[in-house]
Amino acid sequence: MLYETVIAQAGLADKAGKNRWPARLDILQSSTGLFLALFMWGHMAFVASILFGESAMWAITKFFEGYFVFGASHPWLVSCVVGFVALVFVVHAFLAVRKFPINYRQFRIIFAHSRAMRHEDTTLWLWQAGTGFLLFFFASAHLYQMFVWPQNIGPYASSDRMWSDGLWPFYLTLLLAVELHGGIGLYRLAVKWGWPNASREALKILKWVLTAFFLVLGLATLGAYMKIGYAHRAHYGERYTPDWVTERLPDVQQEDAR
Ligand code: HEM
């Protein structure tokens, strides 16, 4: 029988029991990927608050620093969230490495297969592996910065980082890599686990719609930070405080001045 032949060829004919670990690791890879993709949707919403103006992003930043609960800013709260996200990211990346081609021969085989087959899903897999590889470096650097200097997040601090610190090419690369990677990843999850139960064609259209939406939103957000950063370049390092806070809550100003 075909099934027995395949098992024998894989050298598993004499195995007493089935090894469930590959399946478990696959579930862990899928669930960490799903968490990170959903986190990125939320992350984009928070970061894009700058499109509604400096004070909107300021309020979101202060919310995550616990200001509206404790009456004072605690940036270490942000570090805790970053630490958790970084942990999930590391687990996801560790599990993904299993599937990378690991030597020149394997590279040649996968590229030759993808060229010969012209199978869209195989090509998409290559894009996902390539963008995932980029994320090892770019996402790690971003997470490190957010973890170590959470107090440097805000309408002016973030915009200064983009413009005066010259990090906008870094963020542009990160944005392209993460949106392509996340979009393809979600599509592959849907095909693999059968939810939502739709044809591949329909899922692919949904994938491109979502990717286009987040790319446009991301580029507009990046543009907004760069514009504010450019206008603010002569006051590099100065923090934003909304007028109503200056008048009514002077302690926040002291917080920001530190
Ligand atoms: C809890 C963890 C995270 C926090 C607190 C955070 C925070 C931020 C902040 C404040 C910005 C605005 C720019 C700046 O201040 O530097 C930003 C931008 C960005 N972050 Fe994150 N981030 C986190 C995790 C991630 C992860 C895991 C990724 C991707 C793997 C990511 C991708 C991006 C991208 C692409 C941008 C640019 C968005 C745009 O300009 O459209 N972030 N992040």
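## The largest nonpolar core

In the largest nonpolar core, which has 18 residues, I50, L174 and Y225 touch the most other members. A nonpolar core here is a set of buried Ala, Val, Leu, Ile, Met, Phe, Trp, Tyr and Cys residues joined through C-beta atoms within 7 Å. Buried means that 20 or more other C-beta atoms lie within 10 Å of the residue's own, with 12 or fewer for exposed, partly exposed in between, and C-beta atoms placed from the backbone.

Two or more residues each come from α2 (21–47), α3 (54–64), α7 (120–148), α9 (168–193) and α10 (200–231). The largest share, four residues, belongs to α9. Leaving out residues up to four places away in sequence, L174 touches F138, A139 and H142; contact means C-beta atoms, placed from the backbone, within 7 Å.

## A look at α2

Helix α2 has 27 residues and spans 38 Å from first C-alpha to last, close to the expected 39 Å (1.5 Å times one less than its number of residues). Its buried residues are Q29, T32, G33, L36 and V47, and their cover includes α5 (76–97), α9 and α10.

## The whole protein

The protein has 12 helices and zero strands, taken as DSSP runs numbered from the N terminus (helices H or I, at least four residues; strands E, at least two). Its C-alpha atoms fill a box of roughly 80 × 35 × 35 Å along the principal axes. Of its 258 residues, 21% count as buried.

## About the model

This is a predicted model, in which local features need pLDDT of at least 70 and side-chain atom pairs count only at pLDDT 80 or more, while totals for chains, interfaces and linings use all residues. Residues are numbered from 1 along each chain as its sequence is written.

Definitions and conventions. Two residues are in contact if their C-beta atoms, placed from the backbone, lie within 7 Å.
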